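Welcome! Take a moment to look over the chain below, and then we will walk through it together.

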Amino acid sequence: MDKKQLFFGLLFALGLFFTASYSIDNRGFHSGVYGVIGCLLMLVAYCGFNWVKLKAHDHHTRVILGWLAAILAVIVVLDIAEAILA
């Protein structure tokens, strides 16, 4: 196993662990800082695993990356809105 694959696999696993900090209760959805960090780590891991495809301008990979980045942006906006309205 390549060291690069091991590193990005570890980043993805840490991202999943941090993303597990999301909670849904009777007041709604809460993610906090750890959830956002987890999403960023998973986004970085996806970029790392698919770097060759991204450099080759693979359309499918770029679309998936765009969707992941958009979901992360929505989560960040929801966190900010929750902090302001709380």
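Two residues are in contact when they have heavy atoms within 4.5 Å. Among contacts in this chain between residues at least 6 apart in sequence, 48% join residues at least 24 apart.

Before going further, a word on what you are looking at. This is a predicted model, in which local features need pLDDT of at least 70 and side-chain atom pairs count only at pLDDT 80 or more, while totals for chains, interfaces and linings use all residues. Residues are numbered from 1 along each chain as its sequence is written, and side-chain values use heavy atoms, with hydrogens and water left out. The pLDDT is the predictor's confidence in each residue, from 0 to 100; the chain averages 85, and 87% of the residues score at least 70.

Now for the layout. The chain has four helices and two strands, arranged along the sequence as α-β-β-α-α-α. Helices (H or I, at least four residues) and strands (E, at least two) are DSSP runs, numbered from the N terminus. Confidence is lowest in strand S1 (residues 23–25), with a mean of 62, and highest in helix H3 (residues 51–55), at 94.

Let us begin with helix H1 (residues 3–19). The expected span of a helix is 1.5 Å times one less than its number of residues. For the 17 residues of H1 that gives 24 Å, which agrees with its end C-alpha atoms being 24 Å apart. Which residues of H1 are buried? They are Phe 8, Leu 11, Gly 15 and Thr 19. These residues cover an arc of only 70° around the axis, so they sit on the same side of H1; the arc is that of the directions from the helix axis to the C-beta atoms. Helix H2 (32–49) is part of what covers them. On the face turned away from the buried side, H1 carries the exposed residues Lys 3, Leu 6, Leu 10 and Phe 17. Here buried means under 20% relative accessible area, exposed over 50%, and partly exposed in between (1.4 Å probe, protein chains only).

Further along, Thr 61 lies in helix H4 (residues 59–85). Thr 61 counts as buried because its relative accessibility is 3%. Leaving out residues up to four places away in sequence, Thr 61 touches Tyr 46, Asn 50, Lys 53 and Leu 54.

Finally, an unreviewed UniProt entry places the feature "transmembrane region" at residues 33–52 and 64–85. In the model, residues 33–52 are 95% helix and 0% strand, and residues 64–85 are 100% helix and 0% strand.

Conventions: UniProt positions renumbered as here; feature names shortened; annotations may be inferred.
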